[in-house]
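Hello,

Here is the structure I promised to pass on to you. Please have a look at it below, and then read on for what turned up.

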Amino acid sequence: MPGDALTVERVAVAFGATEVLKGVSLEVAPGEFVALLGSSGCGKTTLLRAISGFAPVRSGRILVAGRDITGLPPERRGMAMVFQSYALWPHMTTAQNIAYGLRLRGRGRAERARRVEEVLALLGLEGLGSRPVTQLSGGQRQRVALGRALAVNPGILLLDEPLSNLDARIRQTVRHEIKALQGQLGITAIHVTHDREEAMVMADRIAIMDAGTIVQLGPPEEVYNRPASPFVAAFMGADNVIELAIRRGERAVEVAAGADNDAALLSFGTRPGEDGLHLEGAPDGKVIAHFRSEAARLVRAGEAPQGSLILRGRISQSSYPGGFYRYAVAVGERQFMVDDPRRIGAGEPVGVCLPAAALHLYPA
């Protein structure tokens with residue numbers, strides 16, 4: 001059964017005098033996986049709780065499949081939630097935990113048993129139905145929590161940072177399993193996370209939140225490659241910042257030589273996904289440029305390729321994490337981290353080479 005469509009219309013939530021959500025709107029298609037991504041306090045968990053019915057809405061509407069559910073209690077919304085803490089009953093077995101929601105809904109014993117066996121098989125937990133959940137691993141407990149939610153066939157699955165308690169290796173495995181299950185079942189999913197990579201791997205679209213609003217919404221590739229603001233650029237990993245002076249042309253941007261950079265002519269892309277400079281509404285004159293450390297490489301004098309920006313600096317520190325060297329390069333008063341396979345001594349002059357496609361320019 002395909003999942004339900006979800007519509008959030010100008011929803012505001014306040015706790016006392018503090019406005020936490022400021023007129024948030026969001027459309028989620030049936031069977032779509034949307035991640036709410038942001039730092040602590042941005043409002044993503046409050047938005048999930050408003051959708052689920054655990055946070056009262058001050059104004060606005062929430063609709064599921066076109067039906068207004070704003071005033072309904074959580075148990076009447078056709079949703080199920082997987083919590084960060086698993087929220088499993090420690091005195092129950094795996095099967096009893098999975099069947100819990102079915103029992104609350106008054107399903108008969110035979111129907112509960114059949115559905116539990118289906119869910120155990122779906123999640124690769126065959127043979128563990130009679131085992132107490134306290135004897136399961138963290139990854140298995142998370143599967144049980146997911147199974148309890150899926151057992152009731154919800155129209156919408158809500159995921160409240162469900163992987164944060166797992167170690168890194170298991171987390172990578174479980175997130176792929178959840179995404180595969182969601183696609184297989186066609187269920188609509190809303191996933192709260194502060195982990196950028198997790199959102200990129202799992203979601204069809206990412207809603208980045210800041211200060212109670214959605215500041216950008218789009219597919220992972222679009223949000224990563226075309227961040228709409230300096231905040232989004234920094235949050236998506238392009239947190240290195242330099243100031244430049246530019247003059248726009250028809251297909252390229254002239255970058256004036258500065259105290260720490262050479263002059264450059266950088267072509268820019270006009271369509272999402274096209275290689276080239278990302279000119280996010282920046283006018284002529286002073287701009288700020290964001291870039292990711294992994295997009296930079298080190299060059300020596302005479303090595304600089306055309307169509308790239310070169311920042312002049314010196315090696316201030318180096319380390320060897322294995323397979324390459326990691327350098328801290330001092331560029332004026334700033335310091336950037338750049339990886340390079342060569343061994344370069346401290347104090348040596350180098351250029352930090354940034355291809356046009358690595359740069360996101362915004363009005364200063």
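Asn 153 sits in the loop between α5 and β7 (156–160). In this model, which is a predicted one, the phi of Asn 153 is near 55 degrees, a positive value in a residue other than glycine.

Glu 161 is not a glycine either, and its phi is positive at about 45 degrees. You will find Glu 161 in the loop between β7 and α6.

How many cavities of 30 Å³ or more does the structure hold? There is 1, and the largest cavity has a volume of about 30 Å³. The residues that line the largest cavity are Leu 146, Leu 150, Leu 157, Ile 178, Leu 181, Gln 182, Leu 185 and Ile 187. Two elements, α5 (138–151) and α6 (168–185), each give two or more residues to that lining. Which of them supplies the largest share? That is α6, with 4 residues.

Now for the protein as a whole. Its secondary structure comes to 9 helices and 21 strands, and the C-alpha trace spans about 75 × 45 × 35 Å along the principal axes. The chain has 364 residues, and 47% of them count as buried. Among contacts with a separation of 6 or more, 67% are between residues 24 or more positions apart.

As for the surface, the protein exposes about 16900 Å², and carbon and sulfur atoms supply 49% of that area. On the charge side, there are 41 positive and 38 negative side chains, and the centres of these two sets lie 6 Å apart.

If you open the model, I would begin with Asn 153 in its loop between α5 and β7, go on to Glu 161 between β7 and α6, and then turn to the cavity lining, where α6 has the largest share.

Happy browsing, and best wishes

Definitions and conventions
Residues numbered from 1 in each chain as written. Predicted model: local features only at pLDDT ≥ 70, side-chain atom pairs only at ≥ 80, totals over all residues. Heavy atoms only, no water. Buried < 20%, exposed > 50% of the residue type's maximum accessible area, 1.4 Å probe, protein only. Contact = heavy atoms within 4.5 Å. Areas by Shrake-Rupley, 256 points an atom, 1.4 Å probe, with all protein chains shown as cover. Lys, Arg positive; Asp, Glu negative; His and termini not counted. Charge placed at Lys NZ, Arg CZ, Asp CG, Glu CD. 1 Å grid on protein atoms, 1.4 Å probe; cavity = no way out; pocket = protein on both sides within 12 Å on 5 of 7 lines; lining within 4 Å. Points joined across faces, edges and corners; volume = space filled by probe spheres on them.
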